[in-house]
Structures are given as structure tokens and as C-alpha cells.
Amino acid sequence: MSDSEVTTEIAAEPLDGAAPETTQETEAEGTREMPPVVADQVDDEVAPFRPSIVGWLARGAVWALLAWVVFAIPGNYFSPFELGVSDVGHASKAAIFAIIGLSLNVLIGYTGTISFGHQAFVGVGAFVSAYVIVDMGLEFWLAVPIAAGVGGLQAALLGAISLRLTGLYFALVTLAYGLFAEETLFGITAFTGGEGGKNVPRPLGFENDYTFYYLCLAFLAVVLWVDWRLMRSKGGRALQALRENPRVASSYGINVKVYTMYAFIISGVFASIGGALLAQQSTFLVPETFDFELALIFILMTVVGGLRNRVGVVIGSVIFALLEEGTLVHLLHLEGILDSTIGLPAEFFGLVIGPILLLLTITRFPGGIGQQIAPLAQWLRGRRFDPHAGKVREVEVSDVRA
Amino acid sequence: MTTELGIAVVNGIFAGSVYALVALGIVLIYRASGVFNFAQAEFGTTGLFAAYAGVVLWNLPYWLGLLFGLAAAVAMGLATERLVINPLRNSSRVTLLVGTAGVALAAIGIQFWQSNEQPIREMPKIVEGVALQPFGAAITWQHLITLGVLIVVALALAVFFRSPSGVAIQAAQQDGTAAELVGISVRRVSMMTWAIAALLGGLAGVLSGPNLTFTAGHLTFGAGAALLPGFMAAVLGGMRSMPGALLGGIVVGVIEQLGSLSLFGYMSGGGEMMLFFFLLIVLLLRPQGLFVRKAVAA
């Protein structure tokens, strides 16, 4: 999405003066000069759109509202709702899920390979960080880099042996790895604490659920920034080329293996950071948390959010995190309606609705939530409200490589 | 040690016959739609839940309950083909894969919801009791029946793929356009394949369900998880060979049981470890499968 933003901005500038000139020239001198190619990309926008003062105020109000929802409500600042500790816990979980969603987005969205074992990546991060904090007695601020490092290392190891396989077979290996990690690795009692679980103390200053939420938010911001910068780097552009067509990319000198591995390691690092936070968020860490169902939910939230669309992935992850255990249903006071009409208890709402959303996404709206909110996102950035924004072929799931 | 090994092998063969049933369905669908069907095991669990509803909740005769379970599995297979696979026929394989995973998760969600009051259930066996005890491994009649059904199914499939309908399926799988030109309806063939595969999945479900208590997602990630072993069996057969998948199922069953030897006694999840490393070795050394034949296998 941000790519198209850049092109339209470049396109809009010369158009101010150039557009009338070119039309005169083509009348007078025939085919002497090609009209600027960019002109036909913005033919529906003759002059660059500048919102009026009211428009800016409206946009500012929506931004402020968003900021209020994200920053103020969970901390009970300027808020009419008195959120309890458990509600803020769900908000932290939503932020952590967003980190995990971004991690999976790197893999599915940027490289087109799919991982059915992401719960293992997250779990490794969680248990390594828990081990470092509880058993080695180190600080949280040391545990996160260690967990991220181990997460990157295991991704590198798994990638080194399995990225020789493509598409479906790779998915199969990740599935086997997920089950292996869940049953075997996390079954090592000395490492994970076994069935009894582990209580991981939070870092100094963030013991409180409210302050911990802001810690998760800060980590999410860092991950978002790193993801954005990485995708703008040489490696990120190489990945984009790779996903479009690996053969063409490799003929331009892009090393397919190395860059897929690069994405795989980034994904592993992000997932481990998410896992390290998840270990702190749940007061009680048990291996059973990281089951195959969780991996499926991770895939769901990423695809429904909209691949290669950071905002969409974050929103999708937040929705699915809140759907779990029925928080969203409780917040909206829908449990009575659901229970009386179709007899669906709130805690199963996400499990039943989520897959239906997924199937709708891939069959009808391949761009996911990211595509649906594109008009609003464009408007918020100071563009005209265009209900057809975001309907570009860039945001399709169907070009995921097999 | 020999006794232990014997028990592992015998248990493995009987566990493997369930995997083989799942693997046969996976191979059929891979050949027809080119997709790894992650919902294959869920056809089984859905069939199992339906059969349970028939036999235990509505007190139907056992055979009628089984029939209802299989019918539910086939209905789910047909619905999957119509609602997910057919609309996505032009998308990439990974999209299709996500689609089948979505079908599986939807089924699991509905099972969790419907079995909320009583999450752990028990399906009665067809014939109760232990039939024989080689090396001290208890082989129930249910196990023997499962193996018998597998053999019958394998023979029936072999015969079916030589009948006109079976030949039509193979033709459509090899070249859809050419098959259409000679008057084969690819749409009908695709539905037929999914129905047969769902029937195989359903059989795996209703036959393996009574061995243990079951929960939602029983065959996908529950106690009777057969999805990953089924895939591995299919991979052993090179994803295309049906006899390969059958043999692969048995091999995978035995290998998984080897993980439960006292050699690995101090660790949990030995079976999963064996499966993971076995899959890696097979995919890296012989990605074309262990038991592949040149000719188009029936």
C-alpha cells in the first residue's frame, strides 16, 4: 500500500504545471514527445487533493480517537469505562498477538511459504525467556534478546534443512516441527517446568497489568518499525521480487535461498519476542498453551488481516486475540443475543466465526481487513475518501507461491 | 527388548492401518485437486461425532449410526469441494491449503461448541473385548476390524479404478481439458473424488474413535492424531501412489511406536520426535517417495 502512496505523490507533483503543457504539445507537434507515463495513473485526480480545514479537523479527530482507544482506555485515563485487570490483560495479549501476526506475515506475505509450526516458534521464545529469568535469574531486558537470538537460531536451523523443500512440503515439515516441539521439546521438564507450569516474574516497573500493556505496545511499535525498515532495505526489495517470480528474481542476481532464509530468521526473531512477552503476560506458563490449534489461529489472523498489509495484520491479530475466550463478545455485550438465538456460548465464538471469516477472506475478499479499511486509511493520511481505494492487485492472497 | 519391539511393531501396524486410511484419502485428493487436504482428518472426527450422536444419543442401531457418521463425513467432503475448493480452483496451492485448514478449524470449532457440556466422550466398540495378545500387546476386535476394513477398501479401490468411473477420475486427474473433450465432466469427477476421500476419512474416524475416549479435533491434534502420520504416509508413497500410501501408513505407524520404546523412556513425545526426523530424512533423501512405481498407480 505504501508503495502506491509514493508513486502517486511523485505523480501528483509534475502534474500541476505539466498537464496543460503536454496536451498543448501533443496537439501541435504530434508524437515528438511521449506524454509522461505517470499521467494516466492519476487520471481521476486532476489536481492534488488538499483537505479543507474541516477535513483536517475531522481527520485529526479520528486520529485522536484512535490514539485514545489505543493509549488511554487500557490505562483508564480520560476514560468513562473502568477496565479491570483481566480486560487490560486481554489488551496486552492483543498487542502480543499483533507481534506474532507480523512475524507470520513476514513468512506468508513476503516469501509465500506457509508455516504450520509457528506455535513452536512462539513457544521457544516463551520458554527460553522464562528459563533465563527464572532458572538463571537474569533480567527481563537480557532475556528478550537471548530469546530472540535462540528463536532466530532455531529458525536458521530449521530453515537450513527444510528450505530446500518448497511450498506444500515445507508446510508439512513445519507441521511436523510444531508437533515435535510441542510434545518433545516442551516436554523436557528441566527446560519448561513441565505440567506444573512456570510463573515468570515481570520486569521491574512493569509488574502492574496496566504498565505491562504499555510495555507490550512499545515492543509492538519497535517490531512494526523494524519490519517497515527491513522491507525498505535491499533485502526487503529482494523479497518482494522473489515473491513475484523466483526465477526472474534469481536471474537478476538475487540469491533465492539466502533471502528466503533471511525472512525466515526475521520471522523466528519476531515470533520469539512475541513468545517472551507471552510468557510474562500469562502468569502461568504451561506447554499445553502452544498446541496446533494456536498455529491455525495464527495463520487465520494473518490471512484475514490481509497479507503484506501491516495495519491489516495488526487489526486482524487484535480481533482474533480478543475473540479468543470471548472477550470481544463480552465487551460488546453480545453474549445474551448469541446464546439465545443460536445457543453459541461466547468462548466458542472465535473458534466458530474465525474459520468462516478465513474462508470468506480467501474466496471473496483476498485482501483481507487491510483491503477493507484501505479507503479509511487513505482518508486518514489526508487523501480524498475513495470507496474503491486499495483494490489493487498487490493485495491478493492468490499470488502466494506454491 | 524383543518383546518390547514386538509390541511396538504390532501396535504400530494397527495404528498404521488408520493412518493408511487417512493417507489414501490425502493421496486421492492430491491427485484430483493438487492440494494437501488438511481437513482430511477432520472428515474422520466429524464422522465420529455424527456416529456417536447416532449410536449413543439417539440410540440408533450401531450399523445405522455408523452409516450416519459416514454420510456426515461425505456431506462435509462434498460441501468442502463446492464451497471452498471449486471457488478457489484457479488460486495457488498454498491458498487452497489455507482453505482446507480453515475447513478443519471450522469443524473443530463447531465440535468444541457442540460438545461443550461433555468435552470427553466415549464411543462404544463394534465388538468389545481383546481378540489376541501377540507379545502381550492387547489387540482388540476393533483393531482387527479396522485392519480388515483397510484391506477391503484397498481391494475395492483397486477394482474401482479399473471401472469406467475410476478410469474417468484418473483421466481427469492427468489432463482436465483433454478429459472434458472426450466427455468427462471434470466437475462431477472432482466431487466424486472428494466424496470418496471423505468416505475414507470417515471410516478412519468411526473405526479409530472407539479405541480411546475422544474430544473435538480427535484425529487432527487430539489423542488419535492421524493427520501428520497420514501426510507422512502419503509422502512415503510419493503423494501419488495409493499402494505406496497404504504401505506408508503401516511403516509410519510402526516408526511412531518405536518412539515409545524404553530407549526413549525418559522423555515425552518420543513418537513425535521419531516422526519429525523420519519426515526430514525422507524428504531430504528421497523426496519422490519410498515406494514409487513408474506406471500410474491404481
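How many helices and strands make up the secondary structure of chain B?

## Chain B at a glance

Chain B comes to 11 helices and 2 strands, where helices (H or I, at least four residues) and strands (E, at least two) are DSSP runs numbered from the N terminus. Going along the sequence, the pattern reads α-α-α-α-β-β-α-α-α-α-α-α-α. Its radius of gyration is 19 Å, close to the 19 Å from the globule rule for 298 residues, so chain B is as compact as a globular protein of that length. That radius is taken over C-alpha atoms, and the rule is 2.2 Å times the number of residues to the power 0.38.

The C-alpha trace of chain B spans about 60 × 50 × 35 Å along its principal axes. Of its 298 residues, 53% count as buried, that is, with 20 or more other C-beta atoms within 10 Å of their own, the C-beta atoms being placed from the backbone.

## Before you read on

This is a predicted model: local features need pLDDT of at least 70 and side-chain atom pairs count only at pLDDT 80 or more, while totals for chains, interfaces and linings use all residues. Residues are numbered from 1 along each chain as its sequence is written, and chains are lettered from A and ligands numbered from 1 in the order in which they are written.

## Where the chains meet

The contact takes 45 residues from chain A and 36 residues from chain B; two residues are in contact if their C-beta atoms, placed from the backbone, lie within 7 Å. On the chain A side, helix 6 (167-185), helix 12 (292-305) and helix 16 (349-363) each supply at least two residues. Helix 6 of chain A gives the most, with 13 residues.

By class, that side of chain A has 32 nonpolar, 7 polar and 6 charged residues. Here Ala, Val, Leu, Ile, Met, Phe, Trp, Tyr, Cys and Pro count as nonpolar, Asp, Glu, Lys and Arg as charged, and the others, Gly among them, as polar.

## A helix pair in chain A

The axes of helix 8 (residues 209-232) and helix 11 (residues 256-281) of chain A come within 11 Å and cross at roughly 175°. That makes helix 8 of chain A roughly antiparallel to helix 11 of chain A (angles over 145 degrees, between N-to-C directions of lines fitted to C-alpha atoms over the stretch in contact, on a scale from 0 to 180 degrees).

Residues of helix 8 of chain A, including A:Phe212 and A:Phe219, meet residues of helix 11 of chain A, including A:Phe270 and A:Gln280. This contact divides into 9 nonpolar, 1 polar and no charged residues.

Technical notes:
Angles under 35 degrees count as roughly parallel, over 145 as roughly antiparallel, 65 to 115 as roughly perpendicular and the rest as oblique. A residue is buried if 20 or more other C-beta atoms lie within 10 Å of its own, exposed if 12 or fewer, and partly exposed in between; C-beta atoms are placed from the backbone.
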